[in-house]
Amino acid sequence: MKKPTVTVRLPAPVGTEVKCPICEGNKCKVCEFSGKVKVKVDAKVPVQRAHIIKYIADNMKEVASELTRLYGLTPQVETSEVVVKESGTYEVIQVSSIGGACWIAFRVDELETPKYFFSYKEFNAFRRPDFE
Ligand SMILES: [Zn+2]
């Protein structure tokens, strides 16, 4: 079954001319003797949500920095899990931001260079048990 298209109504201020509300079109000082005044109409235009998502995906870098500027969003850093493997025990730090996530696995039982995973697929392959 096809999902219905979701539309989002976004403000699209457009300029227009209306009859002068002071003189009702009879020309006065307010309308500079034109009988009309220019106003901005707070119109809303429907935009399909898919277009908004595509815009965000296509402009992720700009959108992310704008969100950081406006809302002070910073990447989230947290211990996501402890992975016990035959090769050792790792604490996994997940760094998430609007643009995505990466995982850093630190050996907790021994000193070793941390492992970096830049895709969930890659990380998931690492955290799978050695023997199933
Ligand atoms: Zn007028």
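A residue is buried if 20 or more other C-beta atoms lie within 10 Å of its own, exposed if 12 or fewer, and partly exposed in between, with C-beta atoms placed from the backbone. The model is predicted: local features need pLDDT of at least 70, side-chain atom pairs count only at pLDDT 80 or more, and totals for chains, interfaces and linings use all residues. Residue numbers start from 1 along each chain as its sequence is written.

**Exercise 1.** Classify Glu32 as buried or exposed.

*Solution.* Glu32 belongs to the loop between strand 1 and strand 2, strands being DSSP runs of E with at least two residues, numbered from the N terminus. Glu32 has 11 C-beta neighbours inside 10 Å, so it counts as exposed. Its phi is positive, about 55°, although Glu32 is not a glycine.

**Exercise 2.** Determine which strands stand at the edges of the open sheet.

*Solution.* The sheet has four strands in the order 3-4-5-6, with antiparallel pairing; two strands pair if DSSP finds at least two bridges between them. Strand 3 (76-85) and strand 6 (115-117) each have a single partner strand, so one side of each lacks a neighbour in the sheet. Within the sheet, strand 4 (residues 88-97) and strand 5 (residues 100-107) are joined by eight bridges, and Glu91 stands opposite Phe106 in strand 5.

**Exercise 3.** Identify which residues make up the largest nonpolar core.

*Solution.* Such a core is a set of buried Ala, Val, Leu, Ile, Met, Phe, Trp, Tyr and Cys residues joined through C-beta atoms within 7 Å. Here the five residues are Tyr90, Val92, Trp103, Ala105 and Phe123. Strand 4 and strand 5 are the elements giving two or more residues to this core.
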